[in-house]
Amino acid sequence: MSMLKREEILKEIEDGRIRFEPFYKENIKSASVELLLGRRFGSFHKTDNRLVPSPYGREDEAVDWHDEDGYNLVIPPGESRVATTFEQISLPDDISGWITARGRKALLGLNIYIGPG
C-alpha cells in the first residue's frame, strides 16, 4: 500500500475516480487532502450519564443532530460532539483513505477522535 502524491490525487480527481463536493484545489496538499469541518453537529442522548441505545441498533439514532454556525459552537468541558465534514467524498473500491486530526488542534486543548462511520 502506498500514499498518493498530490499529482496522483489530482489525476484521480480529473479522471472522476475520486470526487469531492464541493472541491477546493487549494486543499490538496503534498500527499493529503485537507477537509473542512461541517456545520452539522450532534449530541448523544444521555440518561444518568449513559448513552441511550437505539431500538434499531443504529448509532445515528442515538444522536440528536442539529445545524450550528461552526464559529459559535461551544462544547462544555467534559462533553463531546459528533460532527460531519463539509465535503462529501467518493472513492473507488481500489483507493482507501483515512481521516486524522490536525496536530495544532490538540495544542489548543481539543481532543479529536475519529472513528468509522
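**Figure 1. Contacts along the protein chain.** Of the contacts (heavy atoms within 4.5 Å) in the protein chain between residues at least 6 apart in sequence, 60% join residues at least 24 apart. The model is predicted: local features need pLDDT of at least 70 and side-chain atom pairs count only at pLDDT 80 or more, while totals for chains, interfaces and linings use all residues. Residues are numbered from 1 along each chain as its sequence is written, and side-chain values use heavy atoms, with hydrogens and water left out. The protein chain holds two helices and seven strands; these are DSSP runs, helices being H or I of at least four residues and strands E of at least two, numbered from the N terminus. Read from the N terminus, the order of elements is α-β-β-β-β-β-β-β-α. Of the 117 residues, 15% are buried, where buried means under 20% relative accessible area, exposed over 50%, and partly exposed in between (1.4 Å probe, protein chains only). The accessible surface is about 9600 Å², and carbon and sulfur atoms hold 52% of that area. Accessible areas come from the Shrake-Rupley method with a 1.4 Å probe; for residues, only the protein chains shown count as cover.

**Figure 2. The largest nonpolar core.** Seven residues form this core: Ile9, Leu10, Ile13, Ile18, Phe20, Ile28 and Ile95. Helix H1 (residues 6-14) supplies the largest share, three residues. A nonpolar core is a set of buried Ala, Val, Leu, Ile, Met, Phe, Trp, Tyr and Cys residues joined through side-chain atoms within 4.5 Å. Leaving aside residues up to four places away in sequence, Ile95 touches Leu4, Glu12, Arg17 and Ile18.

**Figure 3. Pro92 and its contacts.** Pro92 sits in the loop that runs between strand S7 (88-90) and helix H2 (103-107). With a relative accessible area of 17%, Pro92 is buried. Along the chain, Pro92 and Arg17 are 75 residues apart, yet their C-alpha atoms are separated by 5.9 Å. Pro92 touches Arg17 and Ile18, when residues up to four places away in sequence are not counted.

Figure 4. Glu21 and Pro22 are joined by a cis peptide bond, with omega about 0°. Pro22 belongs to the loop between strand S1 (19-21) and strand S2 (37-44).

**Figure 5. The open sheet of three strands.** The strands follow the order S5-S2-S6, and the pairing is antiparallel. Strand S5 (63-67) and strand S6 (82-85) are at the edges; each has a single partner strand, so one side of each lacks a neighbour in the sheet. From one strand to the next, the twist averages 30°; axes are lines fitted to C-alpha atoms, for helices over the stretch in contact, and angles run from 0 to 180 degrees between N-to-C directions. Two strands pair if DSSP finds at least two bridges between them. S2 and S5 are linked by five bridges, with Arg40 opposite Asp67 in S5. Three bridges connect S2 and S6, and Leu37 has Thr85 in S6 as its bridge partner.

**Figure 6. Ser43 and Arg81.** Ser43 is part of strand S2. The relative accessible area of Ser43 is 18%, so this residue counts as buried. The side chains of Ser43 and Arg81 are joined by a polar contact of 3.4 Å. Such a contact is a pair of N or O atoms within 3.5 Å; within protein, one must be able to donate a hydrogen and the other to accept it, and residues adjacent in sequence count only if both atoms are side-chain atoms.
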